[in-house]
Amino acid sequence: MTAVLPILAGVLFTAGTYLILQRALSRILVGLALIAHGANLLLLSAGGRAGDPPFVGPDGVPAGAADPLPQALVLTAIVITFSVTAFLAALANRAHRLTGSDAVEDDVEDRRIARERLEDTA
């Protein structure tokens, strides 16, 4: 079970990276969510075995306190992911209303500037 979670996190990272490299903002949004879920899974799997009591050992003898850092990091990641997801959803909605598509296009002005720089160096 301990090897399953990091492998699943890797699969989520891979699928999320593939989706982020697409042109549509909706696919970028889903890819970001997959990467965030993969990061949360990786943090929780690094936190240790689930189900152990945090303050008392298995034989009733007081043990060291559980490390709350992985849970705190996951909660912070959830909040940040939610805010970025809401922002990207608003961008995708706005792009769809203005252009009828949520695809990100190349900027013509950027191409012109790059072409001028190539001509200046040659």
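The protein exposes about 9100 Å², of which carbon and sulfur atoms supply 67% (Shrake-Rupley method, 1.4 Å probe). The model is predicted, so local features need pLDDT of at least 70 and side-chain atom pairs count only at pLDDT 80 or more, while totals for chains, interfaces and linings use all residues. Residues are numbered from 1 along each chain as its sequence is written, and side-chain values use heavy atoms, with hydrogens and water left out.

Four helices and zero strands are present (DSSP runs numbered from the N terminus: H or I of at least four residues for helices, E of at least two for strands), giving the pattern α-α-α-α along the sequence. Of the 122 residues, 16% count as buried (under 20% relative accessible area, 1.4 Å probe, protein chains only). Among contacts (heavy atoms within 4.5 Å) between residues at least 6 apart in sequence, 56% join residues at least 24 apart.

Now to one helix pair. The axes of helix 2 (residues 25-46) and helix 3 (residues 69-99) come within 10 Å and cross at roughly 180°, with axes fitted to C-alpha atoms over the stretch in contact and angles running from 0 to 180 degrees between N-to-C directions. Helix 2 is therefore roughly antiparallel to helix 3 (an angle over 145 degrees). Their contact has 18 nonpolar, three polar and no charged residues.

Asparagine 40 belongs to helix 2 and is buried, at a relative accessible area of 11%. Leaving aside residues up to four places away in sequence, asparagine 40 touches Val74, Ala77 and Ile78.

How values were computed. Parallel < 35°, antiparallel > 145°, perpendicular 65-115°, else oblique. Nonpolar A, V, L, I, M, F, W, Y, C, P; charged D, E, K, R; others polar. Buried < 20%, exposed > 50% of the residue type's maximum accessible area, 1.4 Å probe, protein only.
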